[in-house]
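Please keep the sequence and the structure in view while reading.

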Amino acid sequence: MVGIGRWVGTVNTLVFKGDIYVEIKDNNGEYDINFELPEKFKNIEIKYYDVHAEGNTIKGKGEVTLLPGKEIEACVTFEGDTMTGTLKLPFLGNKEIKIKNGHRVS
């Protein structure tokens, strides 16, 4: 499985600017993903689905409790201890948000 570990990447949106941490684990051949959100977003739950790898890229969809029924898409590519990717957020007009400075932290 690709991307196993704890990662950090920087995003810049109207709603949030800063680092997002994510831990990716193998759960019997399926991805188990835990997001560490900033304190002001602690009450928001992220549900993800349709997570799959294509080579060294993980793609998936999800939604947050704050916006039920609004689908978020993520695409993240891993190269050694670095990652790059994009998020498509429905509340920003499905604009692609780049994940910058992505790297493994453990």
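The largest nonpolar core has 19 residues, and those with the most contacts inside it are Ile24 and Phe78. A nonpolar core here is a set of buried Ala, Val, Leu, Ile, Met, Phe, Trp, Tyr and Cys residues joined through side-chain atoms within 4.5 Å, where buried means under 20% relative accessible area, exposed means over 50%, and partly exposed lies in between (1.4 Å probe, protein chains only). The elements that contribute two or more residues to this core are β1 (5-12), β2 (17-27), β3 (30-36), β5 (57-64), β6 (72-79), β7 (82-89) and β8 (95-104). Leaving aside neighbours within four places in sequence, Phe78 is in contact with Val2, Gly3, Trp7, Ile24, Asn56, Ile58 and Met83, contact meaning heavy atoms within 4.5 Å.

This is a predicted model, in which local features need pLDDT of at least 70 and side-chain atom pairs count only at pLDDT 80 or more, while totals for chains, interfaces and linings use all residues. Residues are numbered from 1 along each chain as its sequence is written, and side-chain values use heavy atoms, with hydrogens and water left out.

## Overall build

The protein has zero helices and eight strands, and from the N terminus on its elements run β-β-β-β-β-β-β-β. Helices (H or I, at least four residues) and strands (E, at least two) are DSSP runs, numbered from the N terminus. With 106 residues, a compact globule would have a radius of gyration near 13 Å, and the protein, at 13 Å, agrees with this; the radius is taken over C-alpha atoms, and the globule rule is 2.2 Å times the number of residues to the power 0.38. Along the principal axes, the C-alpha atoms fill a box of roughly 30 × 25 × 25 Å.

Of the 106 residues, 30% count as buried. Among contacts between residues at least 6 apart in sequence, 30% join residues at least 24 apart. The protein exposes about 6700 Å², of which carbon and sulfur atoms supply 49%; these areas come from the Shrake-Rupley method with a 1.4 Å probe, and for residues only the protein chains shown count as cover. The mean positions of the 14 positive and 16 negative charges are 8 Å apart, with Lys and Arg counted as positive, Asp and Glu as negative, and His and the chain ends not counted. The place of a charge is taken as NZ of Lys, CZ of Arg, CG of Asp or CD of Glu.

## Backbone angles and single residues

Most residues other than glycine have a negative phi. Asp50, although not a glycine, has a positive phi of about 50 degrees; Asp50 is found in strand β4 (residues 46-54) and, at 45% relative accessibility, counts as partly exposed. Asn101, also not a glycine, has a positive phi of about 55 degrees; Asn101 has its place in strand β8 and is exposed, with a relative accessible area of 59%.

Not counting residues up to four places away in sequence, Gly60 touches Tyr49, Asp50, Val51, Ile72, Glu73 and Ala74.

Gly80, by its place, belongs to the loop between β6 and β7, and at 54% relative accessibility Gly80 counts as exposed. Leaving out residues up to four places away in sequence, Gly80 touches Trp7 and Arg104.

Asp26 is found in strand β2 and is partly exposed, with a relative accessible area of 46%. Apart from neighbours within four places in sequence, Asp26 is in contact with Met1 and Ile4. Glu39 is found in the loop between β3 and β4 and is exposed, with a relative accessible area of 64%.

| Pair | Apart in sequence | C-alpha to C-alpha |
|---|---|---|
| Gly60 and Val76 | 16 residues | 9.0 Å |
| Gly80 and Gly3 | 77 residues | 8.9 Å |
| Asp26 and Gly5 | 21 residues | 9.4 Å |
| Glu39 and Ile4 | 35 residues | 25 Å |
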